[in-house]
Amino acid sequence: MQVVVGRIGRAHGLGGDVGVEVRTDEPERRLAIGAVLLTDPASVGPLTVANGRVHSGRLLLRFAEVDSRTAAETLRGTLLLVEVDPSELPEDEDEWYDFQLAGLAAVRPDGTQLGTVTEVVHLPAQDLLAVRTPDEREVLVPFVTELVPEVDVAAGRVVIDPPLGLFEDLDETPDDTADGTEG
């Protein structure tokens, strides 16, 4: 199973270094010197980490296959992936691989079915769970403890405690003019 561990940003300097948006809690393991990374698009890689450092709070990597700024610029937006055994679990019990969450049932705290998790959407500010509802709508839920208090991969479910209106259809919201007056 492939897991995204980073996304290549802009080139840095003349020698082929690139900024990397880290998408793993184990960068020292996954993005270490000598690591061979698969890429999306696949035609770019694989790429071998030749050097790495932190500069101004951002990870910079140099790949053995890239020797110039021009070549580094062509990598911008490329996803970096590693192969992970499907039975492997992250070290922290409150961490999951995306593939472990896709397909889990999404339920309210009382057990009411909300839908099925289809993917984890990674944004700069936070991650979102994409949930496909029974009526085929996609609802994006911020993947934060306040809204997703429980993830139980073994039981095949995530508990979502959504704020009012997140899963309700606009047609289901109370009508302010139900008393016959216009407002």
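Visitor: Why is Thr-78 called buried?

Guide: Thr-78 has a relative accessible area of 2%, and buried means under 20%, so Thr-78 counts as buried. The model is a predicted one.

Visitor: Where is Thr-78 placed?

Guide: Thr-78 belongs to the loop between α2 (69-73) and β6 (79-83).

Visitor: Which residues does Thr-78 touch, leaving aside those up to four places away in sequence?

Guide: Thr-78 touches Gly-6, Arg-7, Ile-8, Thr-39, Asp-40, Pro-41 and Val-44. Contact here means heavy atoms within 4.5 Å.

Visitor: What is the form of the peptide bond from Asp-40 to Pro-41?

Guide: The bond from Asp-40 to Pro-41 is cis, and its omega is near 15 degrees. Pro-41 is in the loop between β3 (36-40) and β4 (47-55).

Visitor: What is the phi of Ser-56?

Guide: Ser-56 has a positive phi of about 55 degrees, although it is not a glycine. The loop between β4 and β5 (58-63) holds Ser-56.

Visitor: How do you know whether Ser-56 is buried or exposed?

Guide: The relative accessible area of Ser-56 is 70%. Exposed means over 50%, so Ser-56 is exposed.

Visitor: What is the phi of Glu-136, and where is this residue found?

Guide: Glu-136 is not a glycine, yet its phi is positive, at about 70 degrees. Glu-136 is found in the loop between β9 (127-132) and β10 (138-142).

Visitor: What makes Glu-136 exposed?

Guide: Its relative accessible area is 55%, and the cut-off for exposed is over 50%, so Glu-136 is exposed.

Visitor: How much space lies in the largest pocket, and which residues lie nearest its centre?

Guide: The largest pocket holds about 740 Å³ of space. Its lining has 32 residues, of which Asp-25, Glu-95, Trp-96, His-122 and Asp-127 lie nearest the centre.

Visitor: How do the residues lining the largest pocket divide into nonpolar, polar and charged?

Guide: The lining of the largest pocket has 18 nonpolar, three polar and 11 charged residues.

Visitor: What lines the second largest pocket?

Guide: The second largest pocket has about 210 Å³ of space. Its lining residues include Gln-2, Arg-23, Leu-79, Phe-99 and His-122. β1, α3 and β8 are the elements that give two or more residues to this lining, and β8 gives the most, with four residues. The lining of the second largest pocket divides into six nonpolar, two polar and three charged residues.

Visitor: Which residues have the most contacts inside the largest nonpolar core?

Guide: They are Ile-8, Leu-37, Leu-61, Phe-63 and Leu-80, in a core of 21 residues. The elements giving two or more residues to this core are β1, β2, β4, β5 and β6. The largest share, four residues, comes from β1.

Visitor: What does Leu-80 touch, not counting residues up to four places away in sequence?

Guide: Among the residues Leu-80 touches are Val-3, Val-5, Ile-8, Val-20, Leu-37, Leu-47 and Phe-63. A second, separate core has 16 residues, including Leu-101, Ala-106, Val-120 and Val-151.

Terms used. Residues numbered from 1 in each chain as written. Predicted model: local features only at pLDDT ≥ 70, side-chain atom pairs only at ≥ 80, totals over all residues. Heavy atoms only, no water. Buried < 20%, exposed > 50% of the residue type's maximum accessible area, 1.4 Å probe, protein only. 1 Å grid on protein atoms, 1.4 Å probe; cavity = no way out; pocket = protein on both sides within 12 Å on 5 of 7 lines; lining within 4 Å. Points joined across faces, edges and corners; volume = space filled by probe spheres on them. Nonpolar A, V, L, I, M, F, W, Y, C, P; charged D, E, K, R; others polar. Core = buried A, V, L, I, M, F, W, Y, C linked by side-chain atoms within 4.5 Å.
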